[in-house]
Structures are given as C-alpha cells and as structure tokens.
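Hello,

Here is the structure we talked about handing over. My notes follow below it.

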Amino acid sequence: MILLIVSLVLFMEALDTTVINTAIPAIAHSLDVNPIDLKIALISYLLSLAIFIPISGWTADKFGIKRIFIGAIFIFSMSSFWCGFANNLLELVIARALQGFGGALALPVGRLIILRTFARYDMITAMSRVAIIASLGTMLGPVFGGFITHYFSWRWIFWINIPVGLLAILLAYYWVVNVPPKKVNPLDKLGFILFGGSLAGFTFGLSAFSESTLATSFSIYIIGNALLLLVGYIWHSRHSPYPVVKTELLRIRTFRISVLGNLFSRLGFGGVPFLVPLLLQIGLHYPPQVSGMLLAPIALGMILVRPFSLKLLRFFGYKKLLILNTLLLGASINLFYFVNVDTSLFVICILTFVFGFLISLQYGGMNSLGYTSIGVDDLSPATSVISTLQQLAQSFGVAISAFFLRYFSVGQSVSDLVTPVFHSTFLVMGTLTLLSAVIFMWLKREDGGEMIAVH
C-alpha cells in the first residue's frame with residue numbers, strides 16, 4: 001500500500017508535468033502571450049521544486065512525515081485547482097510555483113520512505129515498480145492534454161489532478177505510519193536563502209536570455225549575482241554545523257559523477273518535452289490531440305524498458321551503459337532534425353518511443369549510481385542533493401532550448417516558427433547531450449557493483 005500511495009503521488013506529478021506541454025499553444029493564445037514566454041510557467045514549477053526540496057527532509061522530521069506528506073498532497077491538489085482559473089500569465093506562474101512547493105515536500109518524502117524500506121540491492125527493483133506507475137502519468141499526460149485542450153478547455157488539464165490527489169490523501173491517512181516528530185537540528189536559514197537565491201538567479205538569468213524585451217547584459221548581471229550567492233553558500237556550508245545542502249557528499253566520487261551527469265546531460269535532453277509539442281503544433285501544424293498521441297510513445301518506451309534496466313546494468317556495468325546510452329540519447333535527439341511535413345506519423349512515433357526508452361535507462365543509471373557509496377545516515381541529504389539538481393537541470397534545459405529557439409528565429413514571428421528553427425535547436429540540444437558522455441568516462445569499471453549484484 002505504501003508503494004501504491006507513493007506511486008499515486010508520482011503519477012500525479014508526472015501527469016501535471018507533461019499534460020501542460022501539448023496545451024502550450026492553446027494557453028498562450030488564451031492568455032495572449034508568446035508561446036516561448038510560457039516557458040516561465042514550466043520553469044516556475046521546476047524552480048520551486050528545486051528551492052524547497054533541500055528542506056523537505058528537515059520539515060518531515062520536525063513536523064512528522066505523515067502530516068507533511070498529506071499536507072503537501074493537499075497543497076499540490078489545491079494549487080492545481082487554482083491553475084485552471086488563472087486569467088493571466090502572472091497568476092498561472094504563481095499557481096505553478098505553489099504546485100512546485102507541494103511537490104517539493106511530497107516527492108522526496110515518498111522517495112525517502114522507499115529508500116529506508118528496501119535493502120540496497122532491492123532499491124532499483126522497488127524504484128522501477130513505482131516508476132512504472134509514474135510513467136503512466138507521463139504517457140497519459142500528453143494524450144489527456146491534447147484531447148482535453150481540443151474538445152474542452154486547457155483549464156481542465158489541471159483539474160484532472162484533483163481526484164488522484166484526494167485518493168492519495170485518503171489512502172495516506174489510513175496507511176502511512178504516523179511517525180511522531182523528532183528533535184532536529186536548527187534550520188540553516190542563511191544557507192537556505194543563499195542556496196535558494198542562487199538557484200532562482202541561475203534559472204531566471206538563463207530564462208531571460210530568450211526574452212526579447214530584456215537586454216543580454218541584464219541576464220549576465222543576474223547570472224553573475226547568482227554565481228556569487230552560490231560561492232557564498234559553498235563557503236558558508238563549510239563553516240555551518242548543519243548545512244541545508246550537504247556539499248561534502250560531493251567528495252564521494254560516484255556521487256559526484258552522478259550529480260554532474262544529471263546536471264549536464266539534462267541540459268541537453270531536459271528541454272525536449274518542451275520542444276517536441278511546439279514542433280508538432282506550430283512547426284508542423286498538427287492539432288493538440290494528434291500532438292498528444294505522438295508524445296505518448298515516450299512514456300511507453302519508459303515503461304517497456306523498466307523490466308530490462310537492471311539486466312542491462314548487470315550486463316554492461318554502470319560505466320559502459322551510461323556512456324553508450326548517453327551517446328545514443330544524444331543521437332536520438334539529433335534525429336528530430338529530419339522531421340518535417342513529409343515525415344509519417346509512424347516515424348515520429350518511433351522517434352519519440354526510442355527517446356523514451358533511452359531516457360528511462362539514463363534516469364535509472366544516473367540516479368541509482370548516486371547511492372552506491374552513501375551510508376544510511378546520509379540517505380536523506382543525498383536524496384535532497386540529487387532531487388534538487390534533477391529539477392534545477394530540467395529547468396535549465398527548458399530555458400536553454402527556449403533561448404536557442406529565440407536565437408534561431410531572429411527576424412521572424414515566433415507564432416510562425418518554421419521547421420528549420422526547430423531543426424537547428426534539436427541539433428544543438430542533441431550535441432549538448434552527446435558531450436555530457438565525457439563525464440561518465442570518469443567512472444571505474446567496478447563502480448556501482450553493490451547496487452547490481454545478484455542476491
């Protein structure tokens with residue numbers, strides 16, 4: 001039942017993350033904004049996740065896991081309700097940020113429960129089972145988004161979360177063990193401000209590069225200040241007895257490679273779910289429901305690879321698999337360069353399926369690698385670091401892809417983006433993914449052996 005409850009929360013989050021992608025053109029038209037500018041609604045959600053995930057473990061310990069878990073699901077569900085009533089971009093951005101706050105508390109706590117329940121050698125299997133349910137949300141999101149947007153209204157894409165949220169709350173109330181709050185170390189408030197401020201600055205600065213109304217010097221200024229805040233946090237964390245993010249874990253080689261791999265590879269493929277619906281609807285003029293159906297194979301690929309991921313890891317080992325898969329993933333993104341109005345729907349489905357298959361292998365390898373040398377006492381801070389970097393890199397990927405869309409579309413209306421603009425952007429994103437394979441070359445052949453050993 002615990003696995004089911006955590007799966008429902010992941011399903012709801014995955015559904016919410018993907019359902020908006022196919023509705024971007026419709027929302028942009030309804031709110032009278034540029035489709036590329038809607039990236040801020042995607043980024044505000046991911047950024048809110050990244051900022052508040054580091055304090056999720058501390059919050060759960062201080063106020064009780066069950067209370068925080070249920071409260072977070074309630075916040076996520078109610079903010080979804082608000083998203084559907086948004087009348088302008090600012091209101092949608094604020095509601096999405098509140099959603100991110102709820103997700104930032106619910107997702108890591110659910111993942112931490114699994115980490116503390118299963119033995120290390122069973123962790124990949126347990127996470128794969130939960131991830132299959134989450135992948136259903138990823139698969140159904142574009143389909144629901146396209147269908148609802150075409151036949152009803154884009155506002156309903158947010159309201160479909162509410163029944164799932166209420167069911168998760170009901171099950172959690174009866175089945176999650178009520179662990180009482182415990183004494184915790186003082187919250188590192190200064191560290192939280194420095195670290196959160198640096199994340200916000202980096203994300204907003206990268207996002208601002210693709211804004212036609214903002215000067216490039218302004219973006220550079222914001223990123224420069226974010227870098228100063230990050231340096232300040234690193235210095236502060238080394239002198240703080242209870243840092244909000246335990247940066248000393250980066251001294252562990254496999255953990256460091258996992259974090260860097262997550263960061264740099266997601267810079268390339270993190271923006272693909274944002275780019276593909278725009279290509280299909282604006283570049284190729286497909287209706288939303290067709291666009292949604294063409295995105296569904298991504299999640300189908302993610303689901304089908306799950307039963308084989310552990311076997312593939314055992315056969316290749318972490319080093320070979322991650323290097324090979326990263327190269328194949330980059331190549332699969334580059335193949336979108338050849339998609340045009342003459343490309344058959346079947347070929348597009350094959351491309352999205354292959355991308356989903358490879359990205360699922362990438363997630364499984366990179367994420368589980370981070371826990372190979374982590375002790376039981378460091379599971380919570382390690383989860384916070386990995387989860388934070390995942391969401392941050394995902395928002396960076398969206399921001400970078402939006403920047404290159406703007407860069408390659410200079411001199412033309414964004415609402416009339418032509419396919420060569422998307423082709424050039426996909427080529428850049430695929431190349432960034434290919435280059436990130438260098439990071440996994442630092443691994444040793446035996447790294448991660450305890451995670452994939454046969455028991």
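**Notes on packing and rings**

I51 counts as buried because its relative accessibility is 15% (buried means under 20% relative accessible area, exposed over 50%, partly exposed in between, with a 1.4 Å probe and protein chains only). This is a predicted model, in which local features need pLDDT of at least 70, side-chain atom pairs count only at pLDDT 80 or more, and totals for chains, interfaces and linings use all residues. Residues are numbered from 1 along each chain as its sequence is written, and side-chain values use heavy atoms, with hydrogens and water left out.

I51 sits in helix α3 (residues 39-52); helices are DSSP runs of H or I, at least four residues, numbered from the N terminus. Beyond its neighbours within four places in sequence, I51 contacts F192, G196, L199 and A200 (contact means heavy atoms within 4.5 Å).

The aromatic pairs number 22. Rings of Phe, Tyr and Trp (its six-membered ring) pair if their centres lie within 6.5 Å; planes under 30 degrees apart count as stacked, over 60 as edge-to-face and the rest as tilted. F81 and W159 make a tilted pair, 6.2 Å centre to centre with 40 degrees between the planes. F81 is in helix α5 (residues 65-83) and W159 in helix α8 (residues 156-159), so this pair ties together parts 78 residues apart in sequence. W159 is buried, at 16% relative accessible area, whereas F81 is partly exposed, at 39% relative accessibility. Ring pairs join F81, F85, W156 and W159 into a cluster.

Regards

How values were computed
Helices (H or I, at least four residues) and strands (E, at least two) are DSSP runs, numbered from the N terminus.
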